[in-house]
Amino acid sequence: MPRCTHFERLVLGLLFIVGTCLLGPTASRAQVSVLTQHYDNARTGQNTHERVLNTANVNVDRFGKVFARHVAGQVYAQPLYVPNVKINGLSHNVIIVATEQDMVYAFDADSDTGSNANPLWAVSMVDAAHGAPGETPVNLTSTPSKISGCADLQPYIGITSTPVIDPATQTVYVEAKSVNRNGRYFHRLHALSLLTGAEKKGSPVRISARVKVAGHSLYFQSIYQMNRPGLLLQNGLVYVAFASHCDIEPFHGWLFAYDAKSLVQKSKLVVTPKGGLGGFWMAGAGVASDSQGNIFIASGNGAFNPTNSLDADLGDTLLKVGVSKRGDLTLVDYFTPSDQQCLEKTDVDLGSGGVVLLPDQPGEHPHILIQAGKEGMVYVINRDQMTKDDSHYVHDDACTSKDPEILEEAPAVKGLWSSPAYWNNFIYFWGVSDTLKIIPVTNGLPDFAHPMTSTVTIGYPGATPVISSNGTRPGTGIVWAIDTSPSNAGLSVLHALDATTARELWNSSLAATRDQAGGVVKFAVPTVANGKVYVG
């Protein structure tokens with residue numbers, strides 16, 4: 001097993017002070033499951049069933065760190081929460097944590113004492129039992145390779161994306177990268193038992209692909225590709241998307257669909273088959289989908305050659321991907337900003353930010369999505385027909401980013417290396433070196449002219465906020481966000497703000513000795529469930 005590092009999973013909850021002890025309460029029954037990145041397949045980031053935490057009790061006197069657990073490797077994946085799981089004859093609320101040293105842990109979510117002093121289970125994806133005998137996580141300090149020049153993830157690369165859990169089959173789907181003694185690199189999709197961490201039948205499978213393009217074969221190259229977006233489980237299929245390590249070429253944006261039961265690869269889509277790049281990054285945001293099974297995803301800088309053929313190159317593009325009954329992926333619709341050429345030339349990726357699908361809205365366009373990238377331009381798009389007259393892309397030589405073919409666009413935020421959240425007719429953005437921006441949704445569309453802002457600023461890379469509330473009851477909406485900028489001496493800071501006023505309620509530096517968070521991990525997203533907040 002890899003050695004433990006100083007990175008921790010922090011568990012925070014309502015506090016009662018008994019002598020010198022800090023004790024967190026456990027509700028009589030858990031209220032919510034968090035089974036996928038940013039809470040749901042629309043990636044709204046909202047938990048509207050939080051009955052413990054509110055704006056009155058989240059303060060430095062009543063709220064703070066309950067306990068911490070050490071794990072092997074950085075935690076880039078969002079922790080996932082499953083209530084009332086029976087393990088070894090006992091019922092637990094369970095937190096699933098995946099790390100860059102290819103480890104997956106199940107912890108009791110409420111206690112670290114007695115029988116819960118150890119993990120409920122802990123398994124390595126790089127052993128014989130998990131299909132990778134003699135392999136290790138990618139260690140860039142001891143395994144020099146063509147990707148060693150990338151300092152974005154150091155020193156280990158293993159599990160980067162957020163897994164996804166199927167509660168019906170009690171399965172945890174995980175994507176892991178590894179390398180063997182001969183310097184061969186592998187990506188595998190694992191289906192683990194939620195109860196034991198053991199591989200399920202047919203698991204794992206190696207991720208590989210070959211497509212024919214203009215008379216030659218294009219291969220998925222494991223060494224260069226990296227799975228950063230969170231996994232998606234939708235209608236019996238598991239979706240896995242790839243970009244690269246620090247734009248080290250050659251790489252492409254790949255999207256795969258696997259049968260959730262058999263792990264048979266059903267289909268794949270490559271977004272830049274003739275050219276290159278076009279990776280799916282989205283700061284770790286999950287691949288998004290709607291109730292009809294359509295997939296929405298944003299590509300980054302790369303080749304752009306919009307043709308009507310299946311081998312079009314679509315870098316810096318928002319894509320709508322359809323799925324046939326057989327699981328085949330097809331490009332249904334897309335939108336590319338008019339200044340795409342400028343975005344590509346200056347490394348201002350559209351796909352640095354995640355896609356969020358809003359709940360059904362009143363008015364002419366009930367189904368909209370919002371997305372923004374490094375440029376800070378927020379795009380509001382009709383999911384049913386992404387551009388007027390299916391124009392898709394209207395080139396602008398002046399690079400002014402004017403796109404009248406979509407519903408709205410506005411330079412409302414600074415560069416976005418994160419995802420927005422949605423709650424109660426508000427959209428929440430936290431851009432780079434910026435304050436929290438709360439944009440109201442009025443008559444079915446964002447009202448960029450009347451934002452609210454916080455007094456708290458977060459540096460690079462900004463933050464992906466989440467919202468907890470008890471429905472829409474006044475005084476229950478809280479914005480949670482993690483400051484992972486370098487300005488805090490290498491330590492993360494968890495912030496809690498009133499979701500209706502942007503007033504800060506609490507942060508983990510106010511009582512630093514008691515509440516100190518762990519080391520900075522870029523793109524970290526908090527998980528709020530059952531009166532506690534979990535941070536990698």
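User: Why does Asp-328 count as partly exposed?

Analyst: This is a predicted model, and in it Asp-328 has a relative accessibility of 24%. Since buried means under 20% and exposed means over 50%, the value of 24% falls in between, and therefore Asp-328 counts as partly exposed.

User: What makes Arg-326 and Asp-328 a salt bridge?

Analyst: The side chains of Arg-326 and Asp-328 meet at 2.7 Å, taken from N to O. The cut-off asks for a side-chain nitrogen of Lys or Arg within 4 Å of a carboxyl oxygen of Asp or Glu, so the pair at 2.7 Å qualifies. Arg-326 itself counts as exposed, because its relative accessibility is 63% and the limit for that word is over 50%. As a general point, side chains of opposite charge can pair when their charged atoms come close.

User: How do you know that Lys-374 and Asp-347 meet in a salt bridge, and which parts of the chain does the pair link?

Analyst: Their distance from N to O is 3.6 Å, and because the limit is 4 Å, the pair still counts as a salt bridge. The pair links distant parts of the chain, 27 residues apart: Lys-374 lies in the loop between strand 30 (368-372) and strand 31 (378-382), while Asp-347 lies in the loop between helix 1 (340-345) and strand 29 (356-357). Lys-374 is buried, because its relative accessible area of 18% is under 20%, whereas Asp-347, at 37%, counts as partly exposed.

User: Is Asp-515 buried or exposed, and what is its partner in a salt bridge?

Analyst: Asp-515 has a relative accessible area of 1%, which is under the 20% limit, so Asp-515 is buried. Its partner is Arg-514, whose side chain meets that of Asp-515 at 2.7 Å, N to O; Arg-514 counts as partly exposed at 22%. A search of the whole structure finds nine salt bridges, and Asp-152, Arg-228 and Lys-522 are linked in a network of them.

User: What makes the largest cavity a cavity, and which residues lie closest to its centre?

Analyst: A space is called a cavity when a 1.4 Å probe fits there but cannot get out. Five cavities of 30 Å³ or more are counted, and about 100 Å³ of space lies in the largest cavity. Closest to its centre, of the 14 residues that line it, are Tyr-76, Thr-160, Ala-283, Gly-284 and Phe-523. Its lining divides into six nonpolar, six polar and two charged residues.

User: Why is Asn-294 called buried, and where does it lie?

Analyst: Asn-294 has a relative accessibility of 16%, and because this is under 20%, Asn-294 counts as buried. Asn-294 lies in the loop between strand 23 (288-289) and strand 24 (295-298). Leaving aside neighbours within four places in sequence, Asn-294 is in contact with Ala-288, Ser-289, Lys-320, Val-321 and Gly-322.

Terms used:
Residues numbered from 1 in each chain as written. Predicted model: local features only at pLDDT ≥ 70, side-chain atom pairs only at ≥ 80, totals over all residues. Heavy atoms only, no water. Buried < 20%, exposed > 50% of the residue type's maximum accessible area, 1.4 Å probe, protein only. Helix = DSSP H or I, 4+ residues; strand = E, 2+ residues; numbered from the N terminus. 1 Å grid on protein atoms, 1.4 Å probe; cavity = no way out; pocket = protein on both sides within 12 Å on 5 of 7 lines; lining within 4 Å. Points joined across faces, edges and corners; volume = space filled by probe spheres on them. Nonpolar A, V, L, I, M, F, W, Y, C, P; charged D, E, K, R; others polar. Contact = heavy atoms within 4.5 Å.
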